[in-house]
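Please look at the sequence and the 3D structure shown here, and follow the charged side chains that pair with one another.

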Amino acid sequence: GVAGEANSTATKRDIYYARATSGTTTFAAPAALATAATGEWLSKPSVATDGSGKWVVAWERVGPASVYGGDKDLFYTYSSDDGATWAAASQFNLNAMVDDGDDYA
C-alpha cells in the first residue's frame, strides 16, 4: 500500500491511500484515510508494514487553534487486514487537545 496527501479543497488537506491486492501489481483508486476539517492540514504520511497484513500510517496534523491547540500533532491509524479496513485515527500524545508545542513527523 501507499499513502499520500492532497488538497481536497482550498482550505484543507487530507490523507489518502491506495492498495493492491495480494499477487497483483495494479493499485485500486485512492481512498480517503483521514479527512481534515476545514482549516486543517494533514501531511507527511509515513507507512509501515510487518509484511503479514498489518499496516500503520502516521501523519502530522496542523489546524486552527480551536482544535488541538493549533499546533502540530501526530496522528495514526492501523489496519490488520492488508488495508481493507482501518481503525479510527488516534493522536500519539494524550495531551494533544491542550498542549501548544509542536510534534513532528
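In this predicted model, R61 and E40 form a salt bridge, with their closest N and O atoms 3.4 Å apart; the term stands for a side-chain nitrogen of Lys or Arg within 4 Å of a carboxyl oxygen of Asp or Glu. The two residues are 21 residues apart and belong to distant parts of the chain, R61 to strand β5 (residues 55-62) and E40 to the loop between β3 (31-34) and β4 (41-49), where strands are DSSP runs (E) of at least two residues, numbered from the N terminus.

R61 also forms a salt bridge with D73, and here the closest N and O atoms are 3.5 Å apart. This pair again links distant parts of the chain, since D73 lies in strand β6 (residues 72-79) and R61 in strand β5, 12 residues apart. D73 is buried at a relative accessible area of 0%, and R61 is buried at 2%, as is E40; buried means under 20% relative accessible area, exposed over 50%, and partly exposed in between (1.4 Å probe, protein chains only).

Another salt bridge joins E60 and K44, whose closest N and O atoms are 3.8 Å apart. Because E60 lies in strand β5 and K44 in strand β4, this pair ties together parts that are 16 residues apart in sequence. E60 is buried at 3%, whereas K44, at 43% relative accessibility, is partly exposed. The structure holds 4 salt bridges.

Residues are numbered from 1 along each chain as its sequence is written, and side-chain values use heavy atoms, leaving out hydrogens and water. Local features need pLDDT of at least 70 and side-chain atom pairs count only at pLDDT 80 or more, while totals for chains, interfaces and linings use all residues.

Note on methods: Helices (H or I, at least four residues) and strands (E, at least two) are DSSP runs, numbered from the N terminus.
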